[in-house]
Amino acid sequence: MTTLEDLQRAAEEAENPRTRELAAGLITVRDRIARAAEASGRSDTPELIVVTKYFPARDVELLSQLGVTDVGENKDQEASAKAAEVLAEGPLRWHFIGQLQSNKAKSVVRYADWVHSVDRMKLVTGLDRAVEQHAPDRPSALNCLIQLDLRRKDHQDGRGGADPADLLPLAEAITEARQLHLGGVMAVAPLGVDPAPAFARLAELSAALTAQHPQATVISAGMSQDLEDAVAHGATHLRVGRDVLGPRPEHR
Ligand SMILES: *Cc1c(COP(=O)(O)O)cnc(C)c1O
């Protein structure tokens, strides 16, 4: 990871104004993460995944020059084109974080290192088969997180995810799949309510998972607006877009 001093220099002195902007965004977000970790008495620092959806491949390249190693995308069509176009400065991992149709599995496995949105059996078998048939040369198994739906039953906001009751069966299926690696859990906080109780619930579900699968320690939670609450509840990976890149261009 780039040092804070390097980022500060880039934020002030880089010739490209977009580089200065991105460096400033990274400084602010990294600072928020560090403060949140300290406030919750954590000695580790959660990983930052910069969500680049709707932003051009060039931004990913500039982020890579600034030391970013992990980027997130939520639509296969956009992500596959971008991944093919980007010339990264250093190691770059692509995280697929959006709802995934089974018929897109064969495309996603060609560029994604992680899929955060595994939420049904059909997708487990689909991804496993897709790696076998379409990406046999992958250097490692596909890291899968089980996306959980943390809405209360009477709430409907369509942010996706499996019923928490399906967590352990899905985990079992991923563990048995030859081309997949079980990483942990992921969630998006329900819209319009305090995210803290949802992240607390996610931490409980993660504990239930690691009791059976000790290696599956990842908790992917927290975005621009709620990363502090996610860090307080043990998030190991944060998915942050706007607060690094600025407001997203118009939806396509
Ligand atoms: C877009 C997105 C994010 C990032 O949200 P920001 O508000 O831009 O930080 C995180 N997670 C998922 C699943 C997303 O789709």
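These legends describe close-up views of a predicted model.

**View 1. The residues around the ligand.**
Twelve names make up this view: Val-51, Lys-53, Ile-97, Met-186, Val-188, Met-223, Ser-224, Arg-239, Val-240, Gly-241, Arg-242 and Arg-248.

Look for Lys-53, where a side-chain N or O atom sits 2.7 Å from a ligand oxygen. At Ser-224, a side-chain N or O atom is 2.6 Å from an oxygen atom of the ligand. At Arg-248, the distance between a ligand oxygen and a side-chain N or O atom is 2.6 Å. How much of the ligand's own accessible area does the protein cover? On its own, the ligand has 390 Å² of accessible area, and the protein covers 91% of it.

**View 2. Helices H1 and H2.**
Helix H1 spans residues 4–13, and helix H2 spans residues 17–39. Their axes come within 7 Å. The axes cross at roughly 140°. H1 and H2 are therefore oblique to each other, because only angles over 145 degrees count as roughly antiparallel. The crossing of H1 past H2 is left-handed.

**View 3. Helices H2 and H3.**
Roughly perpendicular would need an angle of 65 to 115 degrees. H2 and H3 make a right-handed crossing.

**View 4. Helices H7 and H8.**
Helix H7 covers residues 167–176, and helix H8 covers residues 195–212. Their axes come within 10 Å. At what angle do the axes of H7 and H8 cross? The angle is roughly 40°. That makes H7 oblique to H8, because roughly parallel is kept for angles under 35 degrees. H7 and H8 cross in a right-handed way.

Note on methods: Residues are numbered from 1 along each chain as its sequence is written. This is a predicted model: local features need pLDDT of at least 70, side-chain atom pairs count only at pLDDT 80 or more; totals for chains, interfaces and linings use all residues. Side-chain values use heavy atoms; hydrogens and water are left out. A residue is near a molecule or strand if one of its heavy atoms lies within 4 Å of it. A polar contact is a pair of N or O atoms within 3.5 Å; within protein, one must be able to donate a hydrogen and the other to accept it, and residues adjacent in sequence count only if both atoms are side-chain atoms. Accessible areas come from the Shrake-Rupley method with a 1.4 Å probe; for residues, only the protein chains shown count as cover. Axes are lines fitted to C-alpha atoms, for helices over the stretch in contact, and angles run from 0 to 180 degrees between N-to-C directions. Helices (H or I, at least four residues) and strands (E, at least two) are DSSP runs, numbered from the N terminus. A crossing is left-handed if the near helix is turned anticlockwise from the far one by less than a right angle, and right-handed if clockwise.
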